[in-house]
Structures are given as structure tokens and as C-alpha cells.
Amino acid sequence: MLLIFIPLLVTKCQLDEEAFNQQNQIHNIYKEAVLIYLNDFKINASKEQISAIEQITVAIDINSLKKYDLRTTEKLLIADLRTVHGFEGATKTKIIFYLNNNLIVRSNIIVFKDQNNNVNYDKVVVSILDQKVNKEYYSGEVFFLNIFTKLKLSNEYENGILKVNNIVYQGKKDQKNSRSNSNCYYYYLVTTYPSGYQSTRFLYTDCPPPCSGGGGGELYRNASVPCDNTIGGGGGGGSGTGPGINEAPVFPNGPSNDNMFDFTSRDGVFTRYKFNATSNNWDIVFISLPALVIKNVPEASVRISEIEHPRFGEKVLEWDGFLYTFEGNNSWTGVPATDAIIAQVIEDKIDDTNLDPCTKGIMTQLKNAANTDITKVLAKFVPSNIYNVTMKMGITKLNNFAETTKISKNNYLITVTDNSFTTATKLYKATGMLHEMIHAYILSVVDDYNTYSYPTNDPFNGFPKLFNLYALNAGVGNSVIAQHEDMANKYVDAIASALEAYQANNGIPFSPADKQVFEDMAWSGLQGTDVYNAKFPKGSINDNRITARIGAEINGVYSQGQYAIGKPCN
């Protein structure tokens, strides 16, 4: 038996010795770099900042320093941090350093508060930064602080599931503080729950006193900082980066089609490229955008920077053509936004909870149509932004089944009448709902480019005028009429196809001749526009047929030779 176990014991000892030597090598390589990085923060620092750096320098257990791979091209150094003032109640305290091209470019202090046993905190840190799903099934609170021990972000997890997210936002600037030679700010803690509920409270200020309370480096501050305690700025980066970091990617020579290449900037922006042999270009297929970059360079992320307090899973279509999703670790991940992806997000954001049962049922069927749902309708118009649509029952203008109004930028309300059109068929109501969704889309285009200066809802309450302006500005031809016809054909094709699919999915038989019904229903939404008036002069055979079709679907029976093909709600 000894002959069996001795080789195994020798092998284990060899592995342990190799691991020990490798760990010592990490200490020797990075110990001086860490100390230089920290020391650089003292340059032009305040008294409080220098004191914080000195505390951190003394508290680092450099012998615990370990190196890990991140999912980006960066590496991560993690070391234990001995007790630091303000963190006495923590279960574990760590300090991390990001390595980019083997240079330290950013850092954070990480504080854990939990009641767990045998937790590998290094693995938890890496899983959070890598946005892994299970987060090592960690339960407890994780606080991210900058190198000056100021809170930036905290998350509360239960078995790896994010339950509460706290982010510190820089608030109002005080330019008139009598005791300050420069501008100062107020900082707020925004707490977000999975339900979307948010709360905000004052955290601290870097404005000079008068003030009271506060003290040291506690995790949260409810009062202004004391008179000798000014808050350090920055996000734990920007110093000690050293020369030699190439901020533009250097792609490999002789790539093959579909080759991948990853690049991480020193601010932490991770970009994945894919080589397209046809165009001979490296196309971006994925972006991870830290909130710090958005804050420092808002012009690079205009739409994201407009969101004061994002919620879990919030999606934004940025001007670079990428759809970004807000993650719980205070970063945005982006993928190329196709028309179908954008349209699906818009559909998912429709709030129809306040519709009556019949109308809500119609919306549900329109969303879930197997062949031509709302997503495909909107995709045909090439949506350029993500917007919110809320639907409710209410009072509308005389003879209006539904109306769309702007609540605020990229937020629209569709009101469906609750006291008329009681005999109208589901087909008529489906037509009206699709029409209003396109109405909201066109309003979003107006919002997007700010082409027109207009009050909240006027003068674009009337759809014909809005459509005329949209067609004029969104068309691609030289002829105004050609532009209007192009947009009208898109509109009619989108709605007619959706109505045909809607009828089919409801098991209602229809003949090839009924395709004219669907087109007429679609054209009815354009009555009053320039293109409709030119194509169907008032009193013409086609105009009369369309008008009669609408009349039949409104009364649910018959109008001027036309029989309703839609079914009633009741």
C-alpha cells in the first residue's frame, strides 16, 4: 500500500510547492506596482484623502495577493485588507486592482457583510465582475468603494440572486458655497428593487461646513461631512496608469472570416469584435460599458446618460446602433440592434394592464400572433429608438375610438374610449390599436430628432398632419408625393398583414376577396392625409368602399353594401 500512496503524496507536495512559488512570484511582481499606484493618489490629494490612502497602504496584506482572469482581456489582483476605520462590522474586506496590459489602471475596495461560512470571497468578486448568473450562490451584502473609501455601489444577494441594488449618484452642484473655492456636489443613494420600485436619500456632500455628524469611513452617511472631512472625488482610477496602454485595438494580421478579437480600454469598456471577410472589417458584436465611463464621457452615450436612475434590465437604444441593457453591477451591456430586436423590446414595454377585458384580449393576440405580430409591424418602420407605451380606458374626442398623446419624451399614452363604439367588431378595434401603435412610433421619431419644435401634444394631436410631416422628413425620394406613397404603402402593408394574421389566429375563415377588406381597414387610418386624398378622392368608388367598410365594422353588421367580417366582443 505504501508504494501506492507515496507517489501521490509527492505529487501533492510538488503541486503545493509550485502554487507557493507562483504566489510568491505574484507578490514579487506586483507588490511594488501596487504601492506606487497607491502613492500616486496622494499627489494633489486632500488631507482626508491622503489619510485614507495611508490607512489602505498599511492595511493591505500583500502576502494574500492573488491574480485572476476576468471574462474581458483584463486580469484582476485581489488582496485581503486588514481592519480599516469604518469597516469594523464587515465580515471580510478586500482590495482589487485591474490589470490592463499588465499595468494597474483601476481599483476598488470591496466589503462583505454576511453570516456565511467557508465562502471563497475571491470567487464571489470575480463572479460579480464577470456578470455570472449564480454569483457563487452568495447570500449577503457586497459594497464597492473607491480608493478613498467612499461608497460607489452595493448589492444585496440571496443565493446568488440580486435582491437590492444601491448606487451613489452625484447630484446637484453647489456653485455658490461661500466656504468653497471650487464647485461642490451633493451625493445621493438610489436603491432599486427587482419590482422596479426606487427610493432616494441624501448620502453626503463634499461642500465645506457648516455641518455635523458623519465621521470616518462608514458605509453610509446620513449627514453632511464634518468640517475637517471633505469627500474625495474620482472612481478609483485615472492615476498610476503608467504609459504604454494602447486605447485603440491592434487587430491581428491575416484574420479569417468570423475570427473574434477582444479589447478592454483602461476605463473598463470591453468590446468584442468579429471579422467580416466580405467587408474586410472588424465588426463590433458586444460591448460592456461601465457606468463610470458614461458619467465621464456622456457625449459617447447620450441616451443612456439621460436616464438619471436606471432600473434592472432597463434597455436603451443608443445612437451607435447598439441595444444596451442595464446590469445589476452598474454597467450596461450592448449588442447590435436589429429592427426586429428593437421592435420586440418596444412590444415588451407596452403596458396594457388598464384596458378592459375585450381590448386587452385583442392586444394580447396582436402581441402573440404567430405570423405578423406588433413586433413585425414596427420592424417594417425601422424603429430608431426605444419608447414606452401605456394604454388605458378613458374619454376620447367625439368619433375617436382611441387617441395617442405624448406624456414626456419617449413616453406615450394611448386612451381607448370606454363609452362608445360598443357595437364595433374586434377587427375594427384591432385596426385602431395597430394604428395607435404606429402613431406612437411616429411621435417617437419626432422626439428622436427634435426636428420640430412643438408643445407636449399640439399641433400633432391630429394624425394626418403628423403623418404628412413624418412622410416628408422620413422619405428617401426626391418627390414629395413619392415619399408619402412610400410611407403609406409601408403603413398599409404592415397593418393589413397583421389584421389578416389576427383573423386567421382567431379561427375566422375568410376568402381571398377579404384581403381587400384588410387593405381597406388599413387605408382608413390614413384618411385625411395628403397621400390618401390624392389616391382616393372624396366620393370616389374606392373612398366610398373604404368608408362603407369602416361603417360595417363599427356597427358590427352592415353598411352601404358591406357586411362586417369581424366578430363582436360580446
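View 1. At 0% relative accessibility, Ala 488 counts as buried (under 20% relative accessible area; over 50% would be exposed, in between partly exposed; 1.4 Å probe, protein chains only). This is a predicted model, where local features need pLDDT of at least 70 and side-chain atom pairs count only at pLDDT 80 or more, while totals for chains, interfaces and linings use all residues. Residues are numbered from 1 along each chain as its sequence is written, and side-chain values use heavy atoms, with hydrogens and water left out. Ala 488 sits in helix H11, residues 480-505; helices (H or I, at least four residues) and strands (E, at least two) are DSSP runs, numbered from the N terminus. Which residues does Ala 488 contact, leaving aside its neighbours within four places in sequence? They are Phe 467, Trp 523, Leu 526 and Val 531, with contact meaning heavy atoms within 4.5 Å. Thr 529 is 41 residues from Ala 488 in sequence, and their C-alpha atoms are 9.4 Å apart.

**View 2. An open sheet of four strands.** The strand order is E16-E17-E19-E18, with mixed pairing; two strands pair if DSSP finds at least two bridges between them. Strands E16 (351-354) and E18 (402-408) are at the edges with a single partner strand each, so one side of each has no neighbour in the sheet. From one strand to the next, the twist averages 25 degrees. Axes here are lines fitted to C-alpha atoms, for helices over the stretch in contact, and angles run from 0 to 180 degrees between N-to-C directions.

**View 3. Strand E18 beside strand E19.** E18 and E19 (residues 411-417) run antiparallel and are joined by six bridges. Zoom in on Ala 402 and you'll find its bridge partner in E19, Val 416.

**View 4. Helix H7 across the sheet.** H7 (residues 357-368) lies across E16, E17 (388-394) and E19. How is H7 angled to E16? It runs at about 155 degrees to that strand.

**View 5. The disulfide of Cys 358 and Cys 569.** The sulfur atoms of this pair are 1.7 Å apart, and the cut-off for a disulfide is two cysteine sulfur atoms within 2.5 Å. By that rule the count is one disulfide. Cys 358 is in helix H7 and Cys 569 in the segment after strand E21 (562-563), so the pair links distant parts of the chain, 211 residues apart. The torsion about the S-S bond is about -55 degrees, so the disulfide is left-handed. Cys 358 counts as buried at 19% relative accessibility, whereas Cys 569 is partly exposed at 21%.
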